[in-house]
Amino acid sequence: MTSRNFDLIVVGAGPAGGTAALTAAAQGISVLLLEEHPTVGVPVSCAEGLSRSTIKDYLDIKQDWVSQELSGALVRGPTGDAFNIKYPGVGWVMNRMVFDPAITKLARAHGAVLKTSTKAIGVDNNEIIVSESGIQKRYTFKFLIGADGVASHVGRWFGIDTRLSLQEIEVCAQCVLEDITIDPHCTVLIFGEEYAPGGYAWIFPKSRNSANIGLGISPVRTKKPAKYFLDRWVRKEFPHGTIKAQMYGGVPAKILKHFSGNNFFLIGDAARFTDPLSGAGIANGIKSGVIAARNAVLRLKGKKCHFESEIKHEILNEIKFHYRVRRVYLKLTDREFNDIFQVGRKIYEGKTIHDINTRHLVKEILLSSPRLLKVGFNLLF
Ligand SMILES: Cc1cc2nc3c(=O)[nH]c(=O)nc-3n(C[C@H](O)[C@H](O)[C@H](O)COP(=O)(O)OP(=O)(O)OC[C@H]3O[C@@H](n4cnc5c(N)ncnc54)[C@H](O)[C@@H]3O)c2cc1C
């Protein structure tokens, strides 16, 4: 019979929660990992893109967790122009149906207890209340990590306002499309009002003949639903493709004032650690999972903990900068974005690169056009 008392309870078995459970269990403390769905990694609500540079030092990616290796991107601008970025080894299109369960399996191998079909429904002092296959139960924790994704409740239970305004969310629609022909190593990113107002559209190849095809839009830029743009795009560019699965979801773009307390940390999407520009959250989920687990163990051992400062250094500084860039991006017209696109083309076309530094890129873009400098400077600095 499972014990009812744990050093650490982690709510949510996505990349953030799974990595936190793995890191903490590997240090010998008792860990309970709760997942509301019957199977970890299902359903997939993600395009599964992961860049190598963002997780180096945090997790070794195994070949069987990956659907495709990526070596570059095709960037399409508002006028239909396009350029290629060659970036060997840039990253992967993961297979999250394999990756997410693989992480929890490793956590279990280190002694963590995983409970699926178990939804956390509240906290009462140092107890978490769950609905376990429909039966209400309680488990005791010394420390709690909330990794319950974009629709997180854990933060609110501890008095943190995690609500998202229309400004602070990207609304996404995506499908898995088969029977198409694509370059399996090249991501496609498409910008412009026609495809994705206030966001971008993507093709993340799963194979030569299948891909995650989707887009994110900002509800402050259009009243139309994301599905409208996706359906129109698929009809126009992939009329013979077979839609295997469709999903809709939100990506947060918010900076919380607090994401920890005496006996809890929030991580991953629950802490709004998603990149506000790209919408990518797997890497920051993994990073925050590792950082949270290490610091929770320190707290449990009565030692000084550095969670907030490590998160600031490793994650938040970049998020804050990208948040400001996003505010500019949300105000750009197609014409202005096309100017940026042309600068990007000048910098990247025909070159093989090994790194993209956003601060450097933004500086180049602003300096390239007096008009952009005016728009950008006021909002960024
Ligand atoms: C359409 C779309 C495309 C995306 N594409 C990318 C991409 O290409 N690359 C990228 O890096 N990011 C992408 N993201 C973002 C990425 O999916 C998330 O940032 C990432 O999954 C966050 O990981 P997480 O562990 O914090 O949360 P999640 O992966 O959401 O995991 C949270 C887990 O908690 C569980 N849970 C929730 N509530 C409870 C509860 N009360 N009790 C128990 N369990 C609970 C959920 O079932 C889930 O398993 C995309 C998002 C969307 C919507």
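Predicted model: local features only at pLDDT ≥ 70, side-chain atom pairs only at ≥ 80, totals over all residues.
View 1. A271 is buried, with a relative accessible area of 2%; buried stands for under 20% relative accessible area, exposed for over 50%, and partly exposed for what lies in between, with a 1.4 Å probe and protein chains only. Leaving aside neighbours within four places in sequence, A271 is in contact with L256, F259 and L266, a contact being heavy atoms within 4.5 Å. The C-alpha atoms of A271 and K257 are separated by 10.0 Å, and these residues are 14 apart along the chain.

**View 2. The largest nonpolar core.** A nonpolar core is a set of buried Ala, Val, Leu, Ile, Met, Phe, Trp, Tyr and Cys residues joined through side-chain atoms within 4.5 Å. The largest such core has 67 residues, and those with the most contacts inside it are I61 and I128. Helix α6 (residues 282-300) gives the largest share of this core, 9 residues. A second, separate core of 25 residues includes L70, C172, L332 and I365.

**View 3. The contacts of I128.** Not counting residues up to four places away in sequence, I128 touches a set of residues that includes I9, V11, L34, Y139, F141 and W157.

**View 4. The peptide bond between V42 and P43.** V42 and P43 are joined by a cis peptide bond, with omega about 0 degrees, and P43 is found in the loop between β2 (31-34) and β3 (49-51). Most peptide bonds are trans, and most residues other than glycine have a negative phi.

View 5. D57, in the loop between α2 (52-55) and β4 (66-76), has a phi near 80 degrees, a positive value in a residue other than glycine, and D57 counts as exposed at 70% relative accessibility. N125, which is not a glycine either, has a positive phi of about 55 degrees; N125 lies in the loop between β7 (118-124) and β8 (127-132) and counts as exposed at 68% relative accessibility.

**Notes to the views.** Residues are numbered from 1 along each chain as its sequence is written, and side-chain values use heavy atoms, with hydrogens and water left out. Local features need pLDDT of at least 70 and side-chain atom pairs count only at pLDDT 80 or more, whereas totals for chains, interfaces and linings use all residues.

Notes:
Helix = DSSP H or I, 4+ residues; strand = E, 2+ residues; numbered from the N terminus.
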